[in-house]
Amino acid sequence: MRGLFLNIAALLDRITRAACMVAVLLLVAAVLTIVVLRYGFGVGYIGLQDFANYAFAVLLALSVPVCLAQGGHVRVEVISERMGPSYLKIADAVALVLFLIPAFGLLIWAYWPELRYAWQIREASIETGGLPGLYLVKTTLPIAAGLTILQGIAAVLRGEPGAGASS
């Protein structure tokens, strides 16, 4: 069961990293296009600016579970660098149970009514001439929170303090 969970976590990490890479490429292409159109031709498109904002929002949200899965999280403890691996394993488990799961679980729970409403009205950009589909972008926040919880559990199950996925 543990091995299956870790395999699923690794697969979801690879999928999430791929989504981040796509978001980065789309963001760079959109910003480059915006700059060339604005300063080269004196033209601007609200829809293209919304697209860049959407790509950035997706990248930002999905980067959190990727960072955690790769062991890139920041330790806030002052004494952790002086302690051994057994202390770090215990500290990771305690932080997961007391902080990560409750905080990201609360995020999902508190955000759910707003997300449901955004889907009901098929929320779009507030800008005139902006892009539809803002509700899809807003969906990445609870997905990222759930993936962060999953990757935190996987990190503790792997038993390697501060180590991320090996894929």
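## The nonpolar core

The largest nonpolar core has 17 residues, and those touching the most other members are C20, L27, A52, V58, L59, L62 and V137. The largest share comes from α2, with eight residues. In soluble globular proteins, nonpolar side chains tend to be buried together. Keep in mind that this is a predicted model.

A52 shows what such a place looks like up close. Set aside its neighbours within four places in sequence. A52 is then in contact with L27, A30, V31 and I34.

## The whole chain

Now step back to the overall plan. The chain has four helices and zero strands. Read from the N terminus, the order of elements is α-α-α-α. The C-alpha trace spans about 60 × 35 × 30 Å along its principal axes.

How much of the chain is buried? Of its 167 residues, 33% count as buried. The accessible surface comes to about 10,200 Å², and carbon and sulfur atoms account for 72% of that surface. Contacts also reach across the sequence. Take those between residues at least 6 apart in sequence: 75% of them join residues at least 24 apart.

## Helix α4

Is α4 mostly covered or mostly open? It is mostly covered, with 18 of its 25 residues buried. At 1.5 Å a residue, the 25 residues of α4 should span 36 Å, and the end C-alpha atoms are 36 Å apart, so the two values agree.

G159 follows α4. The phi of G159 is positive, near 75 degrees.

R122 is found in the loop between α3 and α4. Its phi is near 50 degrees, a positive value in a residue other than glycine. Most residues other than glycine have a negative phi. Is R122 buried or partly exposed? R122 counts as partly exposed because its relative accessible area is 48%.

Start with α3, which covers residues 85-120. I90 is in this helix. With a relative accessible area of 56%, I90 passes the 50% cut-off, so I90 is exposed. Where does I90 lie relative to G159? The two are 69 residues apart in sequence, and their C-alpha atoms are 9.3 Å apart in space.

A110 also lies in α3. Its relative accessibility is 49%, so A110 counts as partly exposed. The C-alpha atoms of A110 and V94 are separated by 23 Å, and the two residues are 16 apart along the chain.

V22 lies in helix α1. V22 is partly exposed because its relative accessible area is 47%, between the 20% and 50% cut-offs. V58 is 36 residues away from V22 in sequence. In space, C-alpha to C-alpha, V22 and V58 are 9.9 Å apart.

Methods. Residues are numbered from 1 along each chain as its sequence is written. This is a predicted model: local features need pLDDT of at least 70, side-chain atom pairs count only at pLDDT 80 or more; totals for chains, interfaces and linings use all residues. Side-chain values use heavy atoms; hydrogens and water are left out. Helices (H or I, at least four residues) and strands (E, at least two) are DSSP runs, numbered from the N terminus. Buried means under 20% relative accessible area, exposed over 50%, partly exposed in between (1.4 Å probe, protein chains only). Contact means heavy atoms within 4.5 Å. Accessible areas come from the Shrake-Rupley method with a 1.4 Å probe; for residues, only the protein chains shown count as cover. A nonpolar core is a set of buried Ala, Val, Leu, Ile, Met, Phe, Trp, Tyr and Cys residues joined through side-chain atoms within 4.5 Å. The expected span of a helix is 1.5 Å times one less than its number of residues.
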